[in-house]
Amino acid sequence: MEVKKTLVSYESVAAAAESLANGGQRPSVRAIIAVLGGGSPNAVLPHLQAWKAARPSVKAADVTIDPRIAAILAEQITAAVTDAIRTAEARAADLEADAEAVAEAGRLAEVRADELAEELARVQADNQQLVGQVDAMSREFEQVKKETSAAVAEARVDAQRERDAAEQARQALARAELRLEAVPALEQQLADLRVQLDAERKARTDAEKAGAVAVAQKEAAERQADEYRSRNTAAEQREIKLRADLTDLAGKLEAKSDKLAEVSAQAAQNAAERDAARNELAEVKAGRDTARTEVADLKAGKGKAN
């Protein structure tokens, strides 16, 4: 940015314009940019307009009239008006060329603004998609955690129930053995107790088997919980990455928004400068028409004098 400010200044633009004018060329915006080797039409145009406003212009009122010779007076006035018309037409042509250059810059800025707006829309769509993915993964993680907790709690309850049944069988067997030792004569009762013992042993065996199954189920549930925890860890890592990508996309979106605002402001400035150039061109054309009317009047007066 500093290089452009040093390159395009009133002094450099005025020097380039004087060089072009002395060489018989029209000092337009594009011609001055070519002489300077760079620069923006928006930066060159104000300096060029200031230089043109500072140049002396030939007007019919500035001509020194020789009161002694009417013919010389008419010729001088005609020549002055002709020069004024030529100067006005050249200035009008320059303003048209400058307005065209500024309009071209404005069109390029509008195209760039449209491109940035499309890119902003794509970034916003990607942002929404990432947010949806993060929400879906969070819901899946919560569901897996609930299922794992329920399975582990159920396995623990079943295992405790089987351990309690086995303990009750062992206590009944111990009581029966004590009674057999204490009352040897009660053989029938012993037989009954042995039948009951066998049944309790079978129940204990069944309970132990059931306990083994419960233990296996618990181990399976723990393995499943480990798998869920692994999936949960992977999901958390993916969520962290997605959130980082989301932050990065938000930064890019903010940068694109700032760039879009800058381009929009530049386009508005270009449009204002283009309108100013058009107004000045209209004024020059009005002056040219007025000068032509004055020339026609002068010619008509000269014809009557002759």
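The following legends describe close-up views of a predicted model.

Residues are numbered from 1 along each chain as its sequence is written, and side-chain values use heavy atoms, with hydrogens and water left out. Because the model is predicted, local features need pLDDT of at least 70 and side-chain atom pairs count only at pLDDT 80 or more, whereas totals for chains, interfaces and linings use all residues.

**View 1. Overall make-up of the protein chain.**
The protein chain contains six helices and zero strands, where helices (H or I, at least four residues) and strands (E, at least two) are DSSP runs numbered from the N terminus. Read from the N terminus, the order of elements is α-α-α-α-α-α. Of its 306 residues, 29% count as buried; buried means under 20% relative accessible area, exposed over 50%, and partly exposed in between (1.4 Å probe, protein chains only). The accessible surface comes to about 19,800 Å², with 54% belonging to carbon and sulfur atoms; such areas come from the Shrake-Rupley method with a 1.4 Å probe, and for residues only the protein chains shown count as cover. Among contacts (heavy atoms within 4.5 Å) between residues at least 6 apart in sequence, 77% join residues at least 24 apart.

**View 2. The largest nonpolar core.**
A nonpolar core is a set of buried Ala, Val, Leu, Ile, Met, Phe, Trp, Tyr and Cys residues joined through side-chain atoms within 4.5 Å. The largest one has 17 residues, and V13, V29, I32, L36, V44 and L48 have the most contacts inside it. At least two residues of this core are supplied by each of α2 (10-22), α3 (29-36), α4 (41-54) and α5 (70-182). Apart from this core lies another, of nine residues, including L120, V123, L253 and L260. Not counting residues up to four places away in sequence, L36 touches L7, V8, S12, V13 and A16.

**View 3. Packing of α2 against α3.**
The axes of α2 and α3 are 9 Å apart, and the two helices pack at an angle of about 105°. Axes are lines fitted to C-alpha atoms, for helices over the stretch in contact, and angles run from 0 to 180 degrees between N-to-C directions. The two helices are therefore roughly perpendicular to each other; angles under 35 degrees count as roughly parallel, over 145 as roughly antiparallel, 65 to 115 as roughly perpendicular and the rest as oblique. From α2, the contact involves S12, V13, A16, A17 and L20, and from α3, A31, I32, V35 and L36. These residues divide into eight nonpolar, one polar and no charged; Ala, Val, Leu, Ile, Met, Phe, Trp, Tyr, Cys and Pro count as nonpolar, Asp, Glu, Lys and Arg as charged, and the others, Gly among them, as polar.

**View 4. Packing of α3 against α4.**
The axes of α3 and α4 cross at roughly 110° and come within 10 Å. This pair is therefore also roughly perpendicular. V29, I32 and I33 of α3 meet P41, V44, L45 and L48 of α4. The contact residues comprise seven nonpolar, no polar and no charged.

A16 is placed in helix α2 and is buried, with a relative accessible area of 4%. Leaving aside neighbours within four places in sequence, A16 is in contact with I32, V35 and L36. S28 is found in the loop between α2 and α3 and counts as buried at 13% relative accessibility. Not counting residues up to four places away in sequence, S28 touches L48, A97 and D98. The C-alpha atoms of A16 and S28, 12 residues apart along the chain, are separated by 10.0 Å.
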